Amino acid sequence: MWILSNKIRVNESGLFEDFRDCHCHLLPGVDDGVKGTKETLRILSFWETLGVKEVYLTPHIMEDIPNTPIELTTKYEILKTQYKGNIQLFLSAENMMDGLFVKRLETGDLLTLGSNGKRLLVETSYYVPPMNMDGIIYRMKEDGYEPILAHPERYHYMNQHDYKQWKQQGVLFQLDVSALVGAYGSNAQKKAEWLLNHEMYDYVGSDTHGLGQIEYLLNSLISKKTVKKVKRLAEEQVL
């Protein structure tokens, strides 16, 4: 009973009050996220009721999903005309560190995250690092970019030593809040808790791909201490 009293359902926790979601797939019909505008608008309306204030749309850009910044910007502008709510929408991208990303890095044809034009949200395969990951990170930093590694807790090949090493090299980390309630398994949950407790995260996002994912998250139990840590992280992230 004492253990349960320290936990609360996410939808009752206030976690999303004034929340700034820096990673989601709500731009409709461009990747493996939301497929239609109707669902996007439903999700945004629901986020409003929970108090979300800013949402950064971060569709995939990778060799398998070769979106271009100009195509995504066009669809983003259309969505803004259709959404009449109070949440501020911003466009960025989640970049797979593959050959396409390296080419885009060379030309500067990139969608950055936030206001300074230098933050890049990047990801890797969940199971193996990209070829020359060190070199890609080095190139980003040499070009003046700030690499933000999306959901590091979900990479099976990374351990605590790897996290410390990447942080020492100036890589920023973005928490996927669903990992804290077991959405990606116990291993990812334990890693997320360790990273959060050691204050290694710099950003937080929902990585929302659809309504089903939100329903799972909001109906899950989360510790009240964890809610406080995530809310503080959301408030302090620089965008």
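Predicted model: local features only at pLDDT ≥ 70, side-chain atom pairs only at ≥ 80, totals over all residues.
Strand β8 covers residues 146-150 and strand β9 covers 172-176, and the two pair in the parallel sense over three bridges.

Ser223 sits in strand β11, which is residues 221-223. Its side chain makes a polar contact with the side chain of Thr226, at 2.6 Å. And if you leave out residues up to four places away in sequence, Ser223 touches Asn6 and Lys7.

Okay, the other sheet. This one is open too, with three strands in the order β2-β3-β5, and the pairing is parallel. β2, residues 20-24, and β5, residues 88-91, are the edge strands, each pairing on one side only. From one strand to the next, the twist averages 20°. Between β2 and strand β3, residues 54-57, there are three bridges, and the two strands run parallel. Arg20 is a handy place to look, as its bridge partner in β3 is Glu54.

On to the helices. I've got two pairs to show you.

Pair one is α2, residues 37-50, with α8, residues 211-218. Their axes come within 10 Å and cross at roughly 25°. Anything under 35 degrees counts as roughly parallel, so that's how α2 and α8 are classed relative to each other. Which residues meet there? On the α2 side you have Glu39, Arg42, Ile43, Phe46, Trp47 and Leu50, and on the α8 side Leu211, Ile214 and Leu218. By class, the contact has seven nonpolar residues, two charged and no polar ones.

Pair two is α6, residues 160-168, with α7, residues 186-197. Here the axes come within 11 Å, and the crossing angle is roughly 40°. Roughly parallel or oblique? Oblique, because roughly parallel needs an angle under 35 degrees, and α6 and α7 are therefore oblique to each other. The crossing of these two helices is right-handed, by the way. As for who's touching whom, Gln160, Tyr163 and Lys164 in α6 meet Lys191, Trp194 and Leu195 in α7. The class breakdown for α6 with α7 is three nonpolar, one polar and two charged residues.

The α2 contact with α8 has no polar residues by class, while the α6 contact with α7 has one.

That's my tour. Thanks, everyone.

Key. Residues numbered from 1 in each chain as written. Heavy atoms only, no water. Axes fitted to C-alpha atoms, helices over the stretch in contact; angles between N-to-C directions. Helix = DSSP H or I, 4+ residues; strand = E, 2+ residues; numbered from the N terminus. Parallel < 35°, antiparallel > 145°, perpendicular 65-115°, else oblique. Left-handed = near helix turned anticlockwise from the far one by under 90°. Contact = heavy atoms within 4.5 Å. Nonpolar A, V, L, I, M, F, W, Y, C, P; charged D, E, K, R; others polar. Polar contact = N/O pair within 3.5 Å; in protein donor to acceptor, adjacent residues only side chain to side chain. Pairing = 2+ DSSP bridges.
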